[in-house]
Amino acid sequence: MRELGLRRDRRGLAISVLAMVAAQAACLPAWASVAAPPPARGEAVDSAQARAAALVARMTREEKLQLVHGYFPPMADRTPGAPVADMIPSAGYVPGIPRLGIPALRESDASLGVANQVEQRRGDVATALPSSLATAATFDPDIAHAGGVMIGSEARSKTFNVLLAGGVNLTRDPWNGRNFEYLGEDPLLAGTLAGAHINGVQSNAIVSTVKHFALNSQETGRMILDARIDEAALRESDLLAFQIAIEDGRPGSVMCAYNQVNGDYACENDFLLNRVLKSDWAYPGWVMSDWGAVHSTEKAVANGLDQEAGQELDRQIFFGEPLAEAVDAGRVSEARLDEMVERILFGMIDAGVMDAPVVLSAQPIDYDAHAEVAQRAAEAGIVLLKNDRMTLPLASTAGRIVVIGGHADVGVLSGGGSSQVRSVGGAPIEIPLTSGAASSFARVTYHASSPVNAIRATAPGAEVSFIDGSDPAAAARAATGADAVIIFATQWTTEAQDAETLSLPDNQDALIAAVAAVNPHTTVVLETGGPVLMPWIDAVPAVLQAWYPGQRGGEAIARILFGQANPSGHLPITFPRSAEQAPRPTPPGLEALKASDAASNAGSGSAAEFRSFPVAYVEGSDVGYRWYEREGRVPLFPFGHGLSYTRFEYGALSVEGGDDLTVSFDVTNTGDRAGTDVPQLYVAPEGQPRRLAGWSRLTLQPGESRRVTITAEPRIVADYDTTLPGWGISPGIYRVQVGHDALDNALGGEAVLSSRTMKP
Ligand code: BGC
């Protein structure tokens, strides 16, 4: 059982048992299989800083300049003198300095596994986790950690030592094309799980980033939009998620975002980088840019950017020649250049990259053991949204089962973009895009994990047939009279584009309605990037949210459908009833950008008008479920919702106030099978919407009862006060709810809290 809040493990989760088993099984280098973390990991910050400073003191200016900008390998041959022979076809490369024992940085995207987007490394497969939203739905830092350990170990075996992972942008909009790469709408949940994931990655003595700092909340116009929000609201929402992720995960590097925040690009934003990150949070690692996110030399350097990454994607190499000239001319001080390099070296030393350098030849990987990690995450993250008349679980003796749609005969869908993993087993479906911002690097890709095969294996006595669902009438005919019908509905989303509508594409709503009308035993399994609209919800008795379930998704779905695994996932994101319930029904800028594209394609008009456009985040820190409560809107499924095949009841609440808010209560499994529950603690300051302040995840046998204690994260209870500056808890009475989701009031009470302030 994990209880979250004040007692979260902030530092140095040593290599876990799972990591050790995985490492041994994967035949990793000797250091990885010992019980202690690599030598430098967890070393005191000042001693690692002293080592970094000593190295900088021995470096020439050319060597320093070499470390502060990185190549984008697919385009590096455009840059004269690029050491292309030493590069792996992947996202990034920074040459090392062998005479000082500084290894090259070999960077790969890795949100869900070691990426190989368009198979630039032919035949190089990796284990694909389910989407990050699925991991968030587990509410389980151990699962997030295990995923990070697994990805990090594969990356290491493939000779990478920097992973572009740790996506923690809050879901402000249900249509964001990258929601599947992030951890939902709540800062405590997202920050905690991101921290655990990063910690897992870095337990392999490699660097993980946390990204994209900050407010890269939509993909439409991501390079030019200006996210507008006031400071307190920003600190209480997206920045708090980053803050917790950085405290818990201690990432070597922070990747700044493409967009502007309050008028300045995130990668040259004094407030974000100098004031918040480096000063208030005393972050000791380095800030690397997103790929193509740098717009200046001196301003970026002055405002906190330490390394230009993916330089060939920028208008020019800002941290190459122009930086050398600026240092020569004294416009950038040598001291600042030293600091940039010191931060890079600190991040490398602190993660263990220097003391346990990667072996520069591919090492064997135990893909079977890693597939189990992916399956466990998928099973724990699938959310049972609805289950009337106990439609699920299906009996393994069910007579005739009809499976419809979603290419369930061959695999499960994955999200697109830089996170794309070419998974073990290959891609049974891979469709290139012909247009759109993602077309150069994203393909609609399925993992080879067939739900139909898994269902057949799970219910060998049943007669299982498949029909593709393209013709609703034919599907309805096939479904008539079946003992169970399972419809797989999909929505592909990708980096660089937002979903233009929350409706399922390709006539799938009509398909579901037609089938549900003829068969009352219909279950819909959703493989989607995030929430979709469900106009058929009243006609369908059972709905499973399977997200993009990863390389073992088919097996995980089958186990849930037949009750071999009891659903335990909870929504990390609100599912609206209609698009209008969300703060912004459609992506701001979408229509204008389309019109501008059309005009420039036709040779008239100009994209220049769209150098920047503002998006005002009117919900402020009331992101997601807080917005729904504030506006009095009742969603289709609230944040935190998730059913089980058993039932859990809560009782005997006791609330303790004072400096900290602590609640205790009993959780009882009152059903007839074992299950895992996620009781949630919500706290509401006077007159404000409730906020998730902690939770627990625990497994109980039928009839078993356990007392749970949760201490609220104090920054969730507090408000950010720019005049302090810092966090302030006003003395007074706070509403306390313990429930199954953000709308549930299973147990309610009040706490009297004392006045308290905390540093920013
Ligand atoms: C994405 C980053 C990614 C980088 C390198 C960018 O387009 O926003 O998340 O790490 O590319 O592939």
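Modeller: Three bridges join β14 to strand β15 (residues 443–447), and the two run antiparallel. Strands here are DSSP runs of E, at least two residues, numbered from the N terminus, and two strands pair if DSSP finds at least two bridges between them. Within this pairing, Arg443 of β15 is the bridge partner of Pro432. The sheet is open and has three strands in the order β13-β15-β14, with antiparallel pairing. β13 (412–413) and β14 (430–432) each have a single partner strand and stand at the edges, so one side of each is left without a neighbour in the sheet.

This is a predicted model, in which local features need pLDDT of at least 70 and side-chain atom pairs count only at pLDDT 80 or more, while totals for chains, interfaces and linings use all residues. Residues are numbered from 1 along each chain as its sequence is written, and side-chain values use heavy atoms, with hydrogens and water left out. The chain averages a pLDDT (the predictor's confidence in each residue, from 0 to 100) of 93, and 93% of the residues score at least 70. Over residues 1–40 pLDDT stays under 50.

Polar side-chain atoms lie 2.7 Å from a ligand oxygen atom for Arg178, 3.0 Å for Lys211 and 2.7 Å for Asp290.

Methods
Contact = heavy atoms within 4.5 Å. Helix = DSSP H or I, 4+ residues; strand = E, 2+ residues; numbered from the N terminus. Polar contact = N/O pair within 3.5 Å; in protein donor to acceptor, adjacent residues only side chain to side chain.
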